[in-house]
Amino acid sequence: MSTAAARGTTVVSDRAVRRIVERAAAEAAGGGPGALAKGAARVNGRHAAVAVEVDLPARVPLADTVRRLRAHVVDRTGHLTGLDVTRARIDVTALSRTPGGDPEPVPGEAGAAGAGRTPRRWWSPRRVPAVCLTVPAAVVCGALAVDVALVRLAHGTAAPWRADAVRWLSTHGPGDPAVAVAGGALGVLGLLMVLVAVTPGRRALLTVSSPGPRVRVAVTRAALARLVRDAVGEVAGIDAVRVRAGRRRVAVRARLAFGDRDTARRLVGEAARRAVDDCGPARPLRLRVRVRPAPVWEPAAPRTDAPGPAAPRPVTGSTDEDQGGTL
């Protein structure tokens with residue numbers, strides 16, 4: 001009987017692992033329509049690194065849901081492929097509102113989320129700046145190394161381009177305009193590369209508090225804006241809503257078609273605050289709410305059973321009402 005090495009080896013392709021990861025993520029997310037966006041996998045011998053982007057229902061405990069989804073993806077992929085999943089990244093790309101209502105909160109989840117340490121910020125791989133820097137540097141250094149090796153080892157002559165460069169540099173000093181311009185350009189490029197290296201690049205992601213030390217959760221600012229817009233749109237009397245989610249502030253602009261302005265402003269602020277709190281941002285976000293009456297705005301009818309102030313007059317212009325606070 002031949003040995004195992006002689007019979008050959010079984011290789012699981014990246015595509016097969018990616019399909020398994022996508023199916024496992026769909027199972028953990030409930031298998032609803034649009035629950036899965038995209039998956040990726042990289043196999044290196046007996047080890048695999050996977051990543052998957054999912055859409056989750058709104059107002060779910062993100063930390064607990066992502067932790068459970070990650071564990072299911074790792075276990076399912078390892079069981080079906082026999083590979084050791086050393087790294088699994090879960091990206092929540094959107095939060096969708098479910099018609100069945102809000103799910104029940106997990107007991108102790110809110111307290112656990114506040115008790116955990118602040119998660120690290122998400123950093124971009126910076127592939128484009130790295131390629132733009134390394135490719136020209138590798139070409140120039142490689143050509144210089146080959147030319148020097150040919151001169152030193154094969155006793156050949158220096159390449160014309162290197163001889164011309166040395167001759168030009170010997171006749172142009174630091175005071176030459178071309179040298180000054182080239183030095184300034186290189187200095188600006190160096191400062192830009194330093195800035196790129198020390199700053200995170202995924203500014204569209206908002207880090208979410210997570211109690212797990214090895215679990216990182218983030219949502220896109222667009223998903224947060226859609227969630228707030230849907231929550232504010234359910235307030236009675238609101239005709240149109242515009243939401244802009246930044247890294248430190250969420251701005252809500254609503255248009256009131258009918259009803260009392262003060263009551264609508266309070267309800268809009270409460271709905272937006274609940275939507276932001278449900279996401280659990282790691283850094284508190286300031287909320288700014290503006291309620292503007294529509295051109296066809298109808299004020300609330302005055303009560304006839306009790307004396308009170310006169311009904312407000314219709315507003316012909318536009319007024320902004322601001323409500324600030326820290327979440």
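The model is predicted, so local features need pLDDT of at least 70 and side-chain atom pairs count only at pLDDT 80 or more, while totals for chains, interfaces and linings use all residues. Residues are numbered from 1 along each chain as its sequence is written, and side-chain values use heavy atoms, with hydrogens and water left out.

I start with the whole chain. The protein has nine helices and nine strands; these are DSSP runs, H or I of at least four residues for helices and E of at least two for strands, numbered from the N terminus. Of the 327 residues, 28% are buried, meaning under 20% relative accessible area with a 1.4 Å probe and protein chains only, where exposed is over 50% and partly exposed lies in between. Take contacts, meaning heavy atoms within 4.5 Å, between residues at least 6 apart in sequence: 69% join residues at least 24 apart.

Next, Pro-295. Is Pro-295 buried or exposed? Its relative accessible area is 79%, so Pro-295 counts as exposed. Leu-256 is 39 residues from Pro-295 in sequence, and the two C-alpha atoms are 9.1 Å apart in space.

Last, the lining of the largest cavity. It divides into eight nonpolar residues, no polar and no charged, where Ala, Val, Leu, Ile, Met, Phe, Trp, Tyr, Cys and Pro count as nonpolar, Asp, Glu, Lys and Arg as charged, and the others, Gly among them, as polar.
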